[in-house]
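Please prepare a short briefing on the structure shown below, with the main points grouped by topic.

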Amino acid sequence: MPSCAALHGSSKPGKRSFGRFSRPLLEVFFQTSFRYDLKVKSLAVAEIFRYCKGFRLSYSCFCFLDQKYKRGVVAAILSHQLKFSDATGSPYPEWTSCTLQDAVDFLDGQRKPLESADRAKRQGQYPYYGASGIIDYIDDFIFDEPLLLLGEDGANILNRSTPLCFIAEGKYWVNNHAHVMRPKAGQNIKFLCELLESLDYTRYNTGTAQPKLNQEKCRRIELALPVYEEQCRIAIFLSALDQRADKAQSVLDYLLSNRAGLLQQLFI
């Protein structure tokens, strides 16, 4: 049987190693004659997990930096430090001021809350949305179009630990903890979502024990909006950033979900 030193090989990057991780060790492990040796197996597990941990940490950093970069880009766009031009290279008109009720129609009257016991009896394929996103799946839907959802109550209004404004698509149900809004003609839903997500809602909070954004306050939220063509250009640009972030996140999710599966395979 090879010695431990021979198994670990060189710790320097090169043809025989995965960065700091030993290829000779893994090659020995996958040789049938050594695969069931406990010492080789334990060393291989430690080496592979160290290798996977490095990837997970790298992609965690990528995800964090992508999110931070996007927040900076959105801030630069809304403060007009980053400007867009039309197809001819000419600048777009100045942004105009309005309130949220000028840009969207509120559909809150169509919401229907369901108790958790009722949802348990109605499990199905349609997302059931609350203030911070999907919280369940049930057997029916209310809406069948892309709409904006804005959390109506909860600590997230102030601490912003998860997105407060998001787009719901397909067929879905919404409870009474999220405002439902349909963009009016001439408004881009992606741009409005990014704009609303960027706002500080502290001054619109009407709750005491629990933060709350009632519809009356929401209607009077002050906005500055570019023309529809510029909204679309901005939305496309930000969607490209989202796709890059989603790709990094999918790789991270894959690495996290396969850790347990890899361990199981090693001991089969």
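Tyr-129 is buried, since its relative accessible area is 8%; buried means under 20% relative accessible area, exposed over 50%, and partly exposed in between, with a 1.4 Å probe and protein chains only. The model is predicted, so local features need pLDDT of at least 70 and side-chain atom pairs count only at pLDDT 80 or more, while totals for chains, interfaces and linings use all residues. Residues are numbered from 1 along each chain as its sequence is written, and side-chain values use heavy atoms, with hydrogens and water left out. Helices (H or I, at least four residues) and strands (E, at least two) are DSSP runs, numbered from the N terminus.

**Aromatic pairs**

- The structure holds 7 aromatic pairs; rings of Phe, Tyr and Trp (its six-membered ring) pair if their centres lie within 6.5 Å, and planes under 30 degrees apart count as stacked, over 60 as edge-to-face and the rest as tilted.
- The pair of Phe-84 and Phe-237 is edge-to-face, because the ring centres are 5.7 Å apart and the planes stand at 75°.
- Phe-84 belongs to the loop between helix H3 (38-78) and strand E3 (96-99) and Phe-237 to helix H9 (residues 228-266), so this pair ties together parts that are 153 residues apart in sequence.
- Phe-84 counts as buried at 13% relative accessibility, whereas Phe-237, at 31%, counts as partly exposed.
- Tyr-129 and Phe-166 form a stacked pair, with 5.9 Å from centre to centre and 25° between the planes.
- Because Tyr-129 lies in strand E5 (residues 123-130) and Phe-166 in strand E8 (residues 165-168), the pair ties together parts that are 37 residues apart in sequence.
- Phe-166 is buried, with a relative accessible area of 12%.
- Ring pairs join Tyr-129, Phe-143, Phe-166 and Tyr-172 in a cluster.

**Strand E7**

- Strand E7 is largely enclosed by the rest of the structure, because 5 of its 5 residues are buried.
- Leu-147, Leu-149 and Gly-151 point one way from E7, Leu-148 and Leu-150 point the other way, and all are buried.
- E7 and E8 run antiparallel and are joined by 4 bridges; two strands pair if DSSP finds at least two bridges between them.
- Leu-150 has Cys-165 in E8 as its bridge partner.
- E7 also pairs with E10 in the antiparallel sense, over 4 bridges, and the partner of Leu-149 in E10 is Val-180.

**Asp-153**

- Asp-153 is located in the loop between strand E7 (147-151) and helix H6 (156-159).
- Asp-153 is buried yet has no salt bridge, and the nearest side chain of opposite charge, Lys-212, is 4.2 Å away; a salt bridge is a side-chain nitrogen of Lys or Arg within 4 Å of a carboxyl oxygen of Asp or Glu.
- The side chains of Asp-153 and His-177 are joined by a polar contact of 2.9 Å, that is, a pair of N or O atoms within 3.5 Å; within protein, one must be able to donate a hydrogen and the other to accept it, and residues adjacent in sequence count only if both atoms are side-chain atoms.
- Leaving aside neighbours within four places in sequence, Asp-153 is in contact (heavy atoms within 4.5 Å) with Ala-131, His-177, Gln-210, Pro-211 and Lys-212.

**Helix H7 and Asn-188**

- Helix H7 (residues 189-198) is mostly covered, with 7 of its 10 residues buried.
- Asn-188, in the loop between strand E10 (178-183) and H7, is buried, with a relative accessible area of 13%.
- At the start of H7, a side-chain oxygen of Asn-188 comes to within 3.0 Å of the backbone nitrogen of Lys-190.
- Leaving aside neighbours within four places in sequence, Asn-188 is in contact with Tyr-228, Gln-231, Cys-232 and Ala-235.

Key
Lys and Arg count as positive and Asp and Glu as negative; His and the chain ends are not counted.
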